[in-house]
Amino acid sequence: MKALEIKQLEKCYNNGFVALKGIDLDVKQGDFFALLGANGAGKSTTIGIVASLVNKTSGSVRVFGHDLDKDPEAVKRCIGLVPQEFNFNQFENVFDIVESQAGYYGIPRKKAAERAEICLKQLEIWDKRNEPSRELSGGMKRRLMIARALVHEPKLLILDEPTAGVDIEIRRSMWAFFKKINAAGTTIILTTHYLEEAESLCRHIAIINKGEVIENTDMKGLLAKSSEEIFVLSIEHTVETIPVILGCSIHVIDETTWQVSVQKEAGIHALFNELTTLGIKVTGIRNESNRLEQLFLKLLAQKGRNYD
Amino acid sequence: MISKEHLVALQTITYKETRRFLRIWVQTLLPSIITTTLYFLIFGTLIGSRIGQMKGYDYMDFIVPGLILMAVISNAYSNVVSSFYGSKFQHNIEEMIVAPMPGWVILTGYISGGVLRGLIVGVLVTIVSLFFTDLNIAHPVMMIVVFLLTGVLFSCAGFINAVYAKSFDDISIVPTFVLTPLIYLGGVFYSIDMLPVFWQNVSLLNPVLYMIDVFRYSILGESDIPLRYGFLVIGFFILSLLVISLRLLNKGVGIRD
């Protein structure tokens with residue numbers, strides 16, 4: 001069964017801005033799906049329509065077989081939403097926020113309290129349960145929104161930039177948590193600007209640009225399209241003449257730092273063989289950007305030219 | 001169809017709304033008690049003793065029903081307008097929109113909060129009035145009914161105000177420029193019989209007049225307007241505002257793009 005089925009979804013805002021131009025999108029049950037795009041591409045509008053926060057102009061949305069127009073309550077029961085912006089009452093305490101959310105889904109008070117406790121403990125903010133939400137740190141606020149989204153045990157979890165502004169340690173622990181609940185059967189749709197996050201977590205990916213889906217494939221297939229990788233090399237001594245190596249292009253950052261673009265077919269081995277032959281010793285290497293990021297920028301640039 | 005889940009959701013909103021106004025009771029419950037006490041003291045005791053009788057009652061006895069109802073009106077209204085606008089402002093209204101609740105559950109939840117606050121303040125102000133006059137309530141059941149109907153009507157009005165409000169300034173415009181004049185010109189401090197015929201007829205367009213009149217009847221046992229007209233007008237306004245509120249909520253006006 002498909003967790004999400006979007007057909008010819010269009011959204012035109014009152015000011016005339018067309019945010020979605022008839023997109024089609026399918027997400028399989030149990031998938032970890034990345035929805036990527038630049039700011040204003042249409043990601044949040046898509047998520048907003050699925051979560052009933054935005055009215056669609058036309059098209060259809062089905063969640064686990066339930067039609068959003070015919071049975072919105074059934075659709076809502078399937079979805080847990082973690083929005084981009086903090087949207088809880090800043091004056092309420094943490095426990096009340098999560099418990100009330102369970103109540104909105106029709107979960108009786110006693111059971112709601114039990115579920116709230118489980119979720120807050122899972123997200124490691126149980127010890128903050130009696131504090132007003134405004135006094136939480138940024139990372140804790142993000143985790144509170146995740147706990148709130150999970151309290152009714154949704155089958156589809158939508159994460160709209162869930163790790164924005166949190167430190168690396170918390171981000172990694174959140175990734176581990178998302179992987180765990182996905183492995184337990186929850187379908188997850190993720191939008192993020194950290195492409196490393198999408199590459200690390202997701203199995204399928206769609207890229208939206210200017211209201212259109214320009215790529216919709218599995219992550220492996222997309223990464224296989226990558227034709228080059230960029231490395232930053234630290235070399236031991238200054239070199240008078242920059243070598244010319246087949247399949248590589250070298251850009252000098254400073255006397256002992258080079259940015260090297262390596263064609264996939266040439267391979268990094270050939271680069272090191274050539275440098276060794278020339279007597280150039282490499283003391284350090286790092287991957288300048290991840291593969292998905294390069295592909296993403298390339299795809300947007302191509303489409304941008306087409307549109308322009 | 002009303003399901004068990006809907007009732008739980010309604011209970012949750014009502015509980016949350018009640019918890020909100022009780023948490024900030026100094027801002028929500030206390031001001032009306034202080035203001036009304038001052039009215040009793042100044043208009044009832046000090047000035048009232050010089051006015052003499054109004055429609056055969058001591059002036060204090062005459063103004064007590066209107067002042068109690070004034071507190072109910074302003075509290076029911078301000079509870080819903082500030083809570084719903086606050087939820088819009090902080091975007092936590094989205095918590096309810098994404099949940100499987102029909103519009104009527106959300107609306108009824110907010111109205112329940114407004115009615116409860118109005119009722120609590122109404123009872124407190126009634127207790128305070130006992131320090132100034134012997135209150136012999138002629139029709140106690142009708143008094144409670146009018147409490148509730150007034151609470152529902154002005155909770156709806158507060159809701160509509162909050163839907164259209166775009167800033168905190170907008171939620172004080174209606175109470176200042178519409179609600180207060182309607183209350184003051186609704187016969188709290190005088191009987192409409194005292195007005196020239198033209199202004200008596202103009203006053204009949206004011207829905208607050210009917211509420212105060214029916215409420216005064218429930219306490220004193222006497223009214224300016226026949227009761228059936230009073231309840232008809234109240235019923236008409238409640239029904240109209242409920243329909244408008246529900247339509248606005250279902251269309252997502254002010255809360256959904």
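Predicted model: local features only at pLDDT ≥ 70, side-chain atom pairs only at ≥ 80, totals over all residues.
Helix H5 of chain A covers residues 138-150. Its 13 residues reach 19 Å from the first C-alpha to the last, close to the 18 Å expected at 1.5 Å a residue. The buried residues of H5(A) include A:Arg142, A:Arg143, A:Leu144, A:Met145 and A:Ala147. Four elements of chain A receive the buried residues of this helix: strands S6 (79-82) and S7 (156-160), and helices H3 (94-104) and H4 (109-122).

In chain B, helix H7 spans residues 140-164. Its end C-alpha atoms lie 37 Å apart, which agrees with the 36 Å that 25 residues should span at 1.5 Å a residue. H7(B) is largely enclosed by the rest of the structure, because 18 of its 25 residues are buried.

Between the chains, 21 residues of chain B are in contact with 25 residues of chain A. On the chain B side, helices H1 (4-23) and H5 (94-97) each supply at least two residues. H1(B) gives the most, with 7 residues. By type, this side of chain B holds 8 nonpolar, 6 polar and 7 charged residues.

The largest nonpolar core has 144 residues. Within this core, A:Ala147, A:Ile158 and A:Leu190 touch the most other members. Helix H4 (residues 59-89) of chain B contributes the largest share, 18 residues. Domain 1 (2-223) and domain 2 (225-307) of chain A each provide at least three residues. Beyond four places away in sequence, A:Ile158 touches A:Ile47, A:Val50, A:Ala51, A:Ile79, A:Leu81, A:Val82 and A:Ile189. Another core, of 7 residues, lies apart from the largest one. Among its members are A:Trp258, A:Val260, A:Leu271 and A:Leu275.

How values were computed: Residues numbered from 1 in each chain as written. Chains lettered and ligands numbered in written order. Expected span 1.5 Å × (residues − 1). Buried ≥ 20, exposed ≤ 12 C-beta atoms within 10 Å, placed from the backbone. Contact = placed C-beta atoms within 7 Å. Nonpolar A, V, L, I, M, F, W, Y, C, P; charged D, E, K, R; others polar. Core = buried A, V, L, I, M, F, W, Y, C linked by C-beta atoms within 7 Å. Domains from an automatic or database assignment.
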